Amino acid sequence: RSSGGASGRRLPLEMDAAPAAAAQHQHPPQQQPYHERQSFLNCGKHTLNSLVGEHWATTELLHEVAQKLRQEHATAAGHDTLVNPYHHWAGAWVGNWDIMVLCEALKRRQMAVTQHVVFNPAAPARLEEALAELCAALDEPATVGIILNRESRNWFLKMISGHHWYALARETEQNASTGQVRHVWYNKDSNLRTPEVVGDGFADAVAAYVRSGATTVAMQAFLVQRKPQSGGERG
């Protein structure tokens, strides 16, 4: 499922193979970044778990969130819907989670979507402005990763869903040669056998990846960051 929005709008927190240069920063086989493979239409669930690096978002949790959203929608509209509009009509077990479910679930981990990047062919310059802002945010301490939504490549999935969710996640790694610690960006698409480094792993490569997807496969990007902690709050 997809979501509309203004290109590159930053929101308040309240709410292919890697080159040789990046190979030194890859995890040893036994320490690969957390990754889940595709199951039914549960790419949204896999995306959340890839972002946080553990099996946290379950079908039960997301169904609970979807039910809450459905109730809120029914209250606001004055009537309920025949099926829950926030997941597949056949049931939560199938998946096809709406962006609102993902956003509400992230709040339970003290995270939020703070920027939405979408390409508008009528205003191409806005995409570059949005990407510059995105690139600057990728190295911020609060940044966790990016949720991506693109058109499905599989003809069957195009008929029943149309779009695919996946995550680009930031991992902290140590260079085996120099001992230097840096951030490396991984593509954790659930359709991949294992996570792949995005380009050379740096922010510029991530921005280039989003630019390519936005202009070719109607990709939308949602920047995910941790909320500022206050009092005894833990993320």
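**Entry 1: helix 3**

I start with a cut-off: a residue is buried when its relative accessible area is under 20%. I am working on a predicted model, so I keep that in mind throughout. With that cut-off I went along helix 3 and found T59, L61, L62, V65, A66, L69, R70 and A74 buried. I recalled that an α-helix has 3.6 residues a turn, so residues three or four places apart point the same way.

Next I looked up what the buried residues of helix 3 pack against, and found helix 2 (43–52) and helix 4 (99–107). I also checked the length: helix 3 covers residues 59–77, 19 residues in total, and reaches 26 Å from its first C-alpha to its last. That is close to the 27 Å expected at 1.5 Å a residue. Just after helix 3 I noted G78, which has a positive phi of about 85°.

**Entry 2: the cores**

Which residues touch the most other members of the largest nonpolar core? I got L48, L62, I147 and V224, out of 27 residues in that core. At least two residues each come from helix 2, helix 3, helix 4, strand 2, strand 3 (143–151), strand 4 and strand 7. Helix 4 gives the most, with 6 residues. Another core lies apart from this one; it has 23 residues, among them L127, Y166, V198 and V206.

I then took V224 by itself. Leaving out residues up to four places away in sequence, I found that V224 touches L51, L106, M111, A112, V113, A142, T143, V144, G145 and I147.

**Entry 3: the strands**

I moved on to strand 2 (residues 111–118) and counted 8 of its 8 residues as buried. Strand 2 pairs with strand 7 in the antiparallel sense, over 7 bridges. In that pairing I found V118 opposite Q220 of strand 7.

Strand 4 was my next stop, and it is mostly covered, with 9 of its 12 residues buried. How many bridges join strand 3 and strand 4? I read off 7, and the two strands pair in the antiparallel sense. Here L148 stands opposite Y166 in strand 4, and Y166 is one of the residues I had listed for the 23-residue core.

Strand 4 also runs antiparallel to strand 5 (residues 181–187), and 7 bridges join them. I looked up Q174 and found V181 in strand 5 as its bridge partner. Strand 4 and strand 5 form a hairpin with 6 residues between them. In the turn, G179 takes a positive phi of about 80°.

**Entry 4: the rings**

Finally I searched for aromatic pairs, and the count came to 1. The pair is W165 and F222: their ring centres are 5.9 Å apart and the planes meet at 55°, so I logged the pair as tilted. An angle over 60 degrees would have counted as edge-to-face. The pair links distant parts of the chain, with W165 in strand 4 (residues 163–174) and F222 in strand 7 (residues 220–226), 57 residues apart.

Are these two buried or exposed? W165 has 1% relative accessibility and counts as buried, and F222 is buried too, with a relative accessible area of 4%.

I also looked for charges over rings. The charged end of R109 sits over the ring of W56, 5.2 Å from the ring centre. For R182, the charged end sits over the ring of F202, at 4.1 Å from its centre.

Note on methods: Residues numbered from 1 in each chain as written. Predicted model: local features only at pLDDT ≥ 70, side-chain atom pairs only at ≥ 80, totals over all residues. Heavy atoms only, no water. Phe/Tyr/Trp six-rings, centres within 6.5 Å; stacked < 30°, edge-to-face > 60°. Helix = DSSP H or I, 4+ residues; strand = E, 2+ residues; numbered from the N terminus. Buried < 20%, exposed > 50% of the residue type's maximum accessible area, 1.4 Å probe, protein only. Lys NZ or Arg CZ within 6 Å of the ring centre and 35° of its normal. Expected span 1.5 Å × (residues − 1). Contact = heavy atoms within 4.5 Å. Pairing = 2+ DSSP bridges. Core = buried A, V, L, I, M, F, W, Y, C linked by side-chain atoms within 4.5 Å.
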